[in-house]
Amino acid sequence: MARRLVLAVYALLIIVPLVVIVGGSFKTTQDLFAAPFGLPTRPTLDNYVTVLSRQNLLRVLGNSVLVVAVSVPVTLLLGSLVAFAVARLPRWPSRILYAVFAVGLAVPAQAVMIPQYVQFDRLGLRDSLLGLMLVNVVVTLPVAVFILAGFLKTLPAELYEAAELDGAGPWAAYRRIAVPVSYPSLAATAIFLVVMHWNDLLYPLLFIDDPDKRTLPLALLDFQGEYLTEYPLLFTGVVVASLPMIVAYAFLQRHFVAGITAGAVKG
Amino acid sequence: MTRRTPHTLYLFAVPALALYGGFFLLPAVQGLRYATTDWDGYSATFREVGAANLTDVVSNDDLFRHALTNNLKFLLVVVLGQTALALLLAVLLAARSRGSTLLRALFFLPTVLSSVSVAFIWKFVYDPNFGLANALLDAVGLDRFRSAYLGDEATAILWVAVAQIWFHAGQMMVVYIAGLHQIPEELYDAAKTDGAGRWQQFRHVTWPMVAPATALVVAYTTIQSFKAFDLILGLAGNPPRSSLDVLATRIYATFANSQLGYAAAESIVFMAAIALVTWLQNRAARLAHG
């Protein structure tokens with residue numbers, strides 16, 4: 001009985017705000033304040049029209065998709081190559097290589113972001129999506145290496161040696177053995193990276209000035225300045241920014257949990 | 001038979017090392033240098049100030065100290081609250097059934113949202129005039145407990161901690177569920193044979209057996225809440241309001257205020273604080289679990 005009560009209360013704590021947000025995105029401000037929990041009396045798409053046109057949200061959405069679509073595969077490729085080296089190199093070179101990337105796990109972004117800002121600015125990479133992709137790759141490489149090397153190190157060496165006996169070099173062993181066997185690990189890492197880059201605010205906030213180059217979280221933050229307490233508009237932004245992730249989560253639930261949890265525990 | 005490691009194996013690490021070395025390690029070292037200057041970030045010239053920035057940050061910067069205090073309050077509430085909640089939910093949902101699978105998915109859901117989205121949700125919950133929290137209190141006749149929430153200087157940071165727990169408790173619940181599944185069923189059978197009630201089973205079997213999971217949850221929550229930035233900025237507005245300042249937002253504000261050298265010095269202290277917190281927490285975990 002107590003078990004059900006606790007679970008029901010917590011479920012409501014999650015569901016109610018989400019329902020209010022989604023419902024609110026179809027309401028006028030007056031409607032929302034009059035009855036935050038009620039259904040919209042006269043449902044309107046005005047908020048969607050406003051945020052999509054005035055905030056250029058389609059452009060912003062495209063930027064977010066592009067940044068994620070480039071950063072994630074690049075990070076996975078570079079990270080898995082390092083992980084393979086870590087798994088296959090002799091003890092000491094392997095440890096040193098691993099330790100170099102472990103530094104990135106320990107050092108928080110806030111400690112590096114200021115010199116990074118100066119550096120990217122000097123190189124003309126600031127205020128560009130390319131710069132954003134580059135910094136994304138750099139800051140998440142350590143986590144990718146951590147997860148992927150953790151997996152590859154658990155595999156028996158015979159797996160590779162068999163291939164090498166057939167005359168295959170490391171590149172062939174990487175492509176034909178390491179990559180295929182680490183699909184589950186790569187998938188988990190990919191999901192962790194997608195969620196992380198899709199939702200990141202810090203670097204877009206620092207790096208992007210041009211409104212046309214904003215990503216979703218940054219555009220959302222700008223809403224707040226613009227609309228202050230026009231909650232229906234803020235809610236509409238939340239729905240637009242969250243819907244792709246929630247839909248993906250609904251279909252790939254187990255992978256999401258595995259990915260985010262692996263990234264969290266190791267990050 | 002030992003075979004020589006092919007030298008080409010080293011090449012695998014080269015592209016990643018080049019980018020990571022050039023755009024992470026190198027700037028990390030440069031940051032140390034900026035911290036000894038009064039550079040504003042764009043002027044051609046700046047003065048060397050030596051350790052002056054660092055001593056200022058540590059010994060006479062009230063804003064920094066206020067942010068650090070907020071960090072510690074936030075950390076304490078989130079670590080205690082989130083760990084307890086995650087364990088409670090995990091215990092209630094560890095058994096497999098259709099309902100529990102669905103609830104697990106629901107409780108994990110906030111984790112996939114962006115911090116800014118979560119910030120807006122809670123901004124509305126806490127809105128003193130129109131917000132859900134006060135509306136709920138009115139509805140159940142507890143309107144004398146109405147509060148200004150984020151508008152209340154003294155307690156604002158604690159309400160942000162509640163939002164943070166809502167955001168990430170489900171994630172830590174999953175870690176606990178994995179830990180619970182490692183416990184052999186026989187231990188509970190033995191405890192029951194000895195006449196242990198539900199609470200005693202929890203106290204003498206579950207709790208000691210999930211110690212490794214607890215260490216993991218506490219470690220991760222500690223670091224995550226000490227570094228919290230996006231959610232707080234989303235709730236405080238940009239530029240951030242100082243009552244909600246934590247170290248991460250303070251550094252950002254200093255930097256946005258064109259005090260780049262000083263901000264770099266603040267980051268060094270921030271990093272040292274994280275290292276210290278991590279170390280203390282590792283010590284505590286070791287003491288607690290022998």
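Reader: How many helices and how many strands are there in chain A?
Author: This is a predicted model. From the N terminus on, the elements of chain A run α-α-α-α-α-α-α-α-α-α-α-α-α-α. The count for chain A is therefore 14 helices and zero strands.

Reader: What does the C-alpha trace of chain A span along its principal axes?
Author: The extent is taken along the principal axes of the C-alpha trace of chain A. Along these axes, the trace spans about 75 × 60 × 30 Å.

Reader: Are H1(A) and H13(A) roughly parallel or roughly perpendicular to each other?
Author: Helix H1 (residues 2-24) and helix H13 (residues 231-251) of chain A have axes that come within 8 Å and cross at roughly 110 degrees. Angles of 65 to 115 degrees count as roughly perpendicular. H1(A) and H13(A) are therefore roughly perpendicular.

Reader: Which residues make the contact of H1(A) and H13(A), and how do they divide by class?
Author: H1(A) contributes A:Val20, A:Ile21, A:Val22 and A:Gly24, while H13(A) contributes A:Pro232, A:Phe235, A:Val238 and A:Val239. By class, the contact of H1(A) with H13(A) has seven nonpolar, one polar and no charged residues.

Reader: Are H5(A) and H7(A) oblique or roughly antiparallel to each other?
Author: The axes of helix H5 (residues 91-106) and helix H7 (residues 129-152) of chain A come within 8 Å, with a crossing at roughly 125 degrees. The crossing of H5(A) and H7(A) is left-handed. An angle has to be over 145 degrees to count as roughly antiparallel. H5(A) and H7(A) are therefore oblique.

Reader: Which residues of H5(A) and H7(A) make the contact, and what are their classes?
Author: On H5(A) the contact is made by A:Tyr98, A:Phe101, A:Gly104 and A:Leu105. On H7(A) it is made by A:Leu141, A:Pro142, A:Val143, A:Val145, A:Phe146 and A:Ala149. The residues of this contact of H5(A) with H7(A) divide into nine nonpolar, one polar and no charged.

Reader: What is the orientation of H8(A) relative to H9(A)?
Author: Helix H8 (residues 158-165) and helix H9 (residues 170-181) of chain A pack with their axes 10 Å apart, at an angle of about 155 degrees. Angles over 145 degrees count as roughly antiparallel. H8(A) is therefore, relative to H9(A), roughly antiparallel.

Reader: Is the crossing of H8(A) and H9(A) left-handed or right-handed?
Author: A:Leu159, A:Tyr160, A:Ala163 and A:Glu164 in H8(A) meet A:Ala173, A:Ile177, A:Ala178 and A:Val181 in H9(A). These residues divide into seven nonpolar, no polar and one charged. The crossing of H8(A) and H9(A) is right-handed.

Reader: What area do chain A and chain B bury between them?
Author: The contact takes 87 residues from chain A and 76 residues from chain B. Of the buried area, 79% is on carbon and sulfur atoms. Chain A and chain B bury about 7500 Å².

Reader: Which residues of chain A lose the most area to chain B?
Author: Three residues are to be named, and together they account for 9% of what the chain A side buries. They are A:Tyr10, A:Gln110 and A:Ile114.

Reader: How many salt bridges are there between chain A and chain B?
Author: A salt bridge requires a side-chain nitrogen of Lys or Arg within 4 Å of a carboxyl oxygen of Asp or Glu. Between chain A and chain B, the count is zero.

Reader: What phi does A:Asp127 have, and what phi does B:Tyr149 have?
Author: Most residues other than glycine have a negative phi. A:Asp127, in the loop between helix H6 (109-122) and H7 of chain A, has a positive phi of about 55 degrees. B:Tyr149 is found in the loop between helix H7 (132-139) and helix H8 (156-180) of chain B, and its phi is positive, about 50 degrees.

Definitions and conventions:
Residues are numbered from 1 along each chain as its sequence is written. Chains are lettered from A and ligands numbered from 1 in the order in which they are written. This is a predicted model: local features need pLDDT of at least 70, side-chain atom pairs count only at pLDDT 80 or more; totals for chains, interfaces and linings use all residues. Side-chain values use heavy atoms; hydrogens and water are left out. Axes are lines fitted to C-alpha atoms, for helices over the stretch in contact, and angles run from 0 to 180 degrees between N-to-C directions. Helices (H or I, at least four residues) and strands (E, at least two) are DSSP runs, numbered from the N terminus. Angles under 35 degrees count as roughly parallel, over 145 as roughly antiparallel, 65 to 115 as roughly perpendicular and the rest as oblique. A crossing is left-handed if the near helix is turned anticlockwise from the far one by less than a right angle, and right-handed if clockwise. Contact means heavy atoms within 4.5 Å. Ala, Val, Leu, Ile, Met, Phe, Trp, Tyr, Cys and Pro count as nonpolar, Asp, Glu, Lys and Arg as charged, and the others, Gly among them, as polar. Buried area is the accessible area (1.4 Å probe) that two parts lose on being put together, summed over both.
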